[in-house]
Amino acid sequence: MKVLVVGGAGYIGSHTVRQLLAAGYEVAVLDNLSSGHAAALPNGVRLFQSDLLQPEQLTQALAEIQADAVIHFAARIEVGESMCEPLAYYRNNVVGSLNLLQAIQETGRRIPLVFSSTAAVYGTTDAVPIPEDAPLRPESVYGQTKRMTEDMIHAAHAAYGQPYTVLRYFNVCGASPEGDIGEAHSSQTHLIELACLTALGKRPKMMVFGTDYPTPDGTCIRDYVHVQDLADAHVLAVGALLDGRHDAATYNVGLGHGFSVREVLDMVDEVVGVRLLREEAERRPGDPPQLVADASRIRAELGFEPQFPELRQMVGMAWMWHRTHPNGFEF
Ligand code: UFG
């Protein structure tokens, strides 16, 4: 079975490519390399260096490899940036996804699609943990683009029978157990990645955004999921679609419990063996106090069983990647 992984050279995409190959799939990648890295791909994986805003090349790639399934990761992903450059986000994430759905429809085949969505579609919610049927009230343009794409996928399912699985990720972290691929964005905002860069001396200190939240230690709680476990969730989702076990499903991907910012930073200190300088700062706009997945559906229906559920494993692998690749993929 052949899978086209759109955005497969990025952080989550490259881990998924590896897990798909390990599960016996043939894989090709379409990526514009705007934030992905060809070096993150295993040897022999075909790369179409192209973009969802160039639909002719997408159509060509789908036809050339005769894809049996598509996984769609290609998106701009920064919440803050999406508020400053909203049109770029709507164009890239919504128009790009529209082009992908159109190209799949034009093949005349019902090619299943697995789509990367996000917990940001829920917005601020009092639900702890958050079930998939919680109301969707995204607060950022980024979250809106993901919600709009989910809506387009539902409409394509209703009208043309487009088979799909939407995966709503919580806080993705960690790196490959081998330590050779990991998170390497041009502008970093994620807590564990920033803490590793601080430990490497690339940043002076860690800011703790908000210490007066209604949580046990006053800092925000997030549901962290290891990137390789998330990659495995994609492999399970593709398998269920190809086996015909379902043709329309939406799953949260998290562990169902969270860690506070202080707990994460304490673990980083322990793993790197240094107490990082911390500064308490104002709340970061738009941060809900607590985002924890109700992850029971994906466990029950897809048999999702995380291999790396411990915070120590997530931080340890992230640290191994950053320590050995202080400049990411640029050696
Ligand atoms: N934080 C700090 N200091 C930092 C960076 C982050 O205190 O230097 C805090 C944040 O304020 C937040 C927590 O650490 O409370 C986690 O922040 P991240 O930026 O690592 O992640 P977010 O929870 O903001 O967002 C991530 C993804 C979103 C996704 C969300 C789902 O970036 O796309 O997880 O839970 F929607």
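**A tour from the sheet to the helices**

Select strand β1 (residues 2-6) and strand β4 (residues 69-72): the two pair in the parallel sense over 4 bridges. Pairing here requires at least two bridges found by DSSP. Strands are DSSP runs of E, at least two residues long, and helices are runs of H or I, at least four, both numbered from the N terminus. Now pick L4, which stands opposite V70 in β4.

Residue numbers start from 1 along each chain as its sequence is written. The model is predicted: local features need pLDDT of at least 70, side-chain atom pairs count only at pLDDT 80 or more, and totals for chains, interfaces and linings use all residues.

Next, select helix α4 (residues 86-106) and helix α5 (residues 141-160). They pack at an angle of about 20°, with axes 9 Å apart. That makes α4 roughly parallel to α5, a label for angles under 35 degrees. Axes are lines fitted to C-alpha atoms, for helices over the stretch in contact, and angles run from 0 to 180 degrees between N-to-C directions.

Show the side chains at this contact. Among them are Y89, V94 and L101 in α4, and Y142, M148 and I153 in α5. Contact means C-beta atoms, placed from the backbone, within 7 Å.

Note on methods:
Angles under 35 degrees count as roughly parallel, over 145 as roughly antiparallel, 65 to 115 as roughly perpendicular and the rest as oblique. Two residues are in contact if their C-beta atoms, placed from the backbone, lie within 7 Å.
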